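Student: I am new to this structure and would be grateful for a guided reading. May I put some questions about its sheets, helices and cavities?

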Amino acid sequence: MSQFSRPVTLMASHTESRHWWKRWWRRLPPARQDRFATLGPLMAVFLFLVAIAVAISYLRLEELEREQEAVTRDVEYAQQRLRLRLLERQEQLMRLARDVSDREIEASEFEFQADALISQFPELQAITWIDAQRNIISRYASPSAPLHMQRLPGSIMAADETDGSFDLAREMRQPVYSRPLGDSASAASLILQIPLAAQGRFAGTIMGEYSIDGLLRFGIPPEVMARYAVALLDDRERVLAGGLQPPGSVLRLLPWSNQPLEHEVPVSPVGNSLILKAQGYRTSQAIVGSGFFWIVGALSALTVWMLIGTWRHTRKRVQTQQALIAETNFRRAMENSMLTGMRALDMQGRITYVNPAFCSMTGWTEAELVGRTAPFPYWPEEYQDALAARLEDELNGRSMPGGFEVSVRRRDGSVFDARMYVSPLIDPNGQQTGWMTSMTDITEPKRIREELSASYERFTTVLESLDSAVSVAPLGSDEMLFANKMYRLWFGARGQGHQELVELTRNQPGPTADEGDAVDTFAGMPTESLTDAGAENTEVFAPALGRWLEVRTRYLTWVDGRLAQMVIASDITPRRNAEEQAARQAERAQTASRLITMGEMASSVAHELNQPLTAISNYCTGMISRVREHRITEEDLLLALDKTARQAQRAGQIIQRIRAFVKRSEPNPTLSDVALMVNEAIELAEIELRRHQVRLSSYVAARLPPLMVDPILIEQVIINLIKNAGEAIVQADRPLGARYVELRVGPSRQEGQDVVEFSIQDTGKGVPPEMIDRIYEAFYSTKSEGMGIGLKLCRSIVESHHGRMRVENLYNGDEVAGCCFSFWIPVHSRQTSEGGDPPGGPARPSFTEERAR
């Protein structure tokens, strides 16, 4: 039994492998089967063509290799023959040189032996005896030698005529061959230098000149010359003798046909400067092999072209079949994926088709619905009569184009609302075969519509209850699209109030067009998206209402597509009144602060005024007594009166400065000179500092830009800070040498803008660290008699001018050595002048407005 087990196993494995191929082939799609069926013959033709090309190439390469070996062998043989011939000529010339060196022959005998050598060996053209000074002692040249070899004895051999071989023979004391000489191939020659020695010294050379053409004719064997094109070349590939086939002379019938076989080898003992090269003659063009190859290639190309044409035709047929299948699947997929239920009825009212969406809506399967007639199972029992009448209208073509709403019962008994649309069902022949009905579940849209309606009512109720007037109107029209209750209460139901609010908003102070330019109706529209609301509100006064209103506007697209403008106006009259009252209180606080400052400085002011008044009194008393005694001249009287007038003017200036400082006035920002403000503040502050015996040093940078500020308020800040610095020094009980205050004013760069910085440093004990964060609070003071409003007002004034104020202690090691209060005001003078806003305009809000905000 074991004898038959192995054949049975092999047969089973073979059968299983064949079944595996069948299963793999059947799993392939038709398009891929066609592709493999087409690629098989194409691959076979391609492999056949490759096999033919490989066979011909192999045979051809073997033939070329044999021919190349023959060329190499013959060229090496010719080179050996030429080498032996040159060595023989060299030995004969060397024997002649020994005889000359041993002085066994004279010049006449030399010419006789040279004649014998040249007659016996035609490749020798001339033999020359040259001494050490390049003088020609004796020379014999062949009658057929070129003219340049016909030199006379006694002449001098030039160095360039020997190509340096003479000097090289003198140095090496050995025979030396020169490079091939001659400008043309016909006159090319080769020189052999045999050195002469006399008592160990160089005595000249025996120079033999070979004709390279003669070397080729007499040195190459005739059998080699018969089989090959032989030539002698120099190291620059220049042909000196012989001839070669020009490139491209061989007909290339096959793609791999080569140029004629050739081989080259240097000629020894000359060296690499003379090369022997031979090319094999091509006696056959291998027309039979080439023709066989091209016939096979043409037949293969024809077969491939026919197979490709068959494959393209099959592919078009498969593509058409696939497109038809894809179109059918696409239409079926659309019907199955539609959320709208589809139902088809024949002319008798029988259901012939339902899609999955219809089955999903009703809960019945396609098998349960197809073929059914009225009454259908998805009709609610209470609506069957109405639905039967509706079906009768459908079958008679009396359906509504806009569809109709019906109630549909699901299989589980629940009912939903649906909208049905009916249209005729036409076959490809143009005949009506039934009716197509589409059904859409509108339960959720109906619920959403009801919720939207309720939401609209709630939204309208909210808008009607607002205490702000809301109105919407088209651009450039008096038509009102919407107005809430507050708008109707203020302006009525017409659009004049809306337009009035828009005009009031446009007429607010700001950049205006040049006079005489036409103003576009849409000039106020933003360049960005029209539905974006503005970031700021506009406060306007409505004369018709006698109220202050805060107005906000935005552009929007109305429900009908028109561009409209919405205006929201809120009554802010109470707030404006409160702001004005707060502003008045702030002004009173400033005035009170200045009065308090002058009250604290009253004794110093009195002392300052006492000096000019005492001087005036003394001058007047002296003049009266001297006039009575008639002891005064007119010049002395005028001098005394002039001094009295100056003292009175000084007292008046002090009083006027104090009066201007404490006078209550509205904030008035103007372009102010920094140096003038600082000098006027120092005049008042120095009075208090002199009373406390405190020195004041000031530094004001040159060419400071003017500031858009209220000079009185800035002077108040400087005076308060200098006065506080002096009081801090007094409280610290510093010695007289350490009592000084330093005021510095200069340009700086803060928060990315150019500013003017004011800095006041004192030598007091500074501010305790735990109190630095609270010194600006209202009614908080570090002084026992302080009211706590000075620094608060100072910071408010600085911030109203868009500046900042800070304080820091000065340290000497770990000990506090003083304090520095500084503030800066941004430079706005240049921007204001370029922007065209007048001084005090909207570019610089007043301190009262800042306090009100």
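Tutor: The questions and answers below concern a predicted model.

Student: Which residue of β9 is the bridge partner of Leu233?
Tutor: Strand β6 (residues 228-234) and strand β9 (residues 271-280) run antiparallel and are joined by seven bridges. In β9, the residue bridged to Leu233 is Ile275.

Student: Which residue does a cis peptide bond join to Ser268?
Tutor: The residue in question has its place in the loop between β8 and β9. Omega for the cis peptide bond is about 10 degrees. The partner of Ser268 in this bond is Pro269.

Student: What is omega for the cis peptide bond that joins Ala374 and Pro375?
Tutor: Pro375 is placed in the loop between α9 (366-369) and α10. For its cis bond with Ala374, omega is about 0 degrees.

Student: How many residues of each class line the largest cavity?
Tutor: A search of the whole structure gives two cavities of 30 Å³ or more, and the largest holds about 100 Å³ of space. Its lining includes Arg343, Trp379, Glu394, Phe404, Ser407 and Met420. By class, the lining residues are eight nonpolar, one polar and three charged.

Student: Which elements give two or more residues to the lining of the largest cavity?
Tutor: The lining includes Leu387, Arg390 and Leu391, and also Val406 and Val408. The elements that give two or more residues to it are α10 (384-395) and β12 (404-409).

Student: Which residue of β18 is the bridge partner of Thr538?
Tutor: Five strands form another open sheet, in the order β16-β15-β19-β18-β17, with antiparallel pairing. Its edge strands are β16 (482-483) and β17 (538-542). Five bridges join β17 to β18 (residues 547-557). Within β18, the partner of Thr538 is Val551.

Student: At what angle to β19 does helix α13 run?
Tutor: Helix α13 (residues 496-506) lies across β15 (469-474), β17, β18 and β19 (563-571). These strands are among those in the order β16-β15-β19-β18-β17. Relative to β19, helix α13 runs at about 80 degrees.

Student: What is the hand of the crossing of α17 and α18?
Tutor: Two packed helices are described by the angle between their axes and the distance between the axes. For α17 (residues 674-691) and α18 (residues 711-732), the axes come within 9 Å and cross at roughly 35 degrees. The crossing is right-handed.

Student: How many nonpolar residues does the contact of α17 with α18 have?
Tutor: From α17, the contact includes Met677, Val678, Leu684 and Glu688, while α18 contributes residues including Ile714, Ile718, Ile722 and Lys723. One polar and four charged residues belong to this contact. The number of nonpolar residues is eleven.

Student: What is the phi of Arg703?
Tutor: Arg703 is found in the loop between β21 (695-700) and β22 (707-709). The residue is not a glycine, although its phi is positive. The value is about 55 degrees.

Terms used
Residues are numbered from 1 along each chain as its sequence is written. This is a predicted model: local features need pLDDT of at least 70, side-chain atom pairs count only at pLDDT 80 or more; totals for chains, interfaces and linings use all residues. Side-chain values use heavy atoms; hydrogens and water are left out. On a 1 Å grid over the protein atoms alone, a cavity is a set of points where a 1.4 Å probe fits but cannot get out, and a pocket is an open set with protein on both sides within 12 Å along at least five of seven lines; lining residues have an atom within 4 Å of a point. Grid points are joined across faces, edges and corners, and a volume is the space filled by probe spheres set on the points. Helices (H or I, at least four residues) and strands (E, at least two) are DSSP runs, numbered from the N terminus. Ala, Val, Leu, Ile, Met, Phe, Trp, Tyr, Cys and Pro count as nonpolar, Asp, Glu, Lys and Arg as charged, and the others, Gly among them, as polar. Two strands pair if DSSP finds at least two bridges between them. Contact means heavy atoms within 4.5 Å. Axes are lines fitted to C-alpha atoms, for helices over the stretch in contact, and angles run from 0 to 180 degrees between N-to-C directions. A crossing is left-handed if the near helix is turned anticlockwise from the far one by less than a right angle, and right-handed if clockwise.
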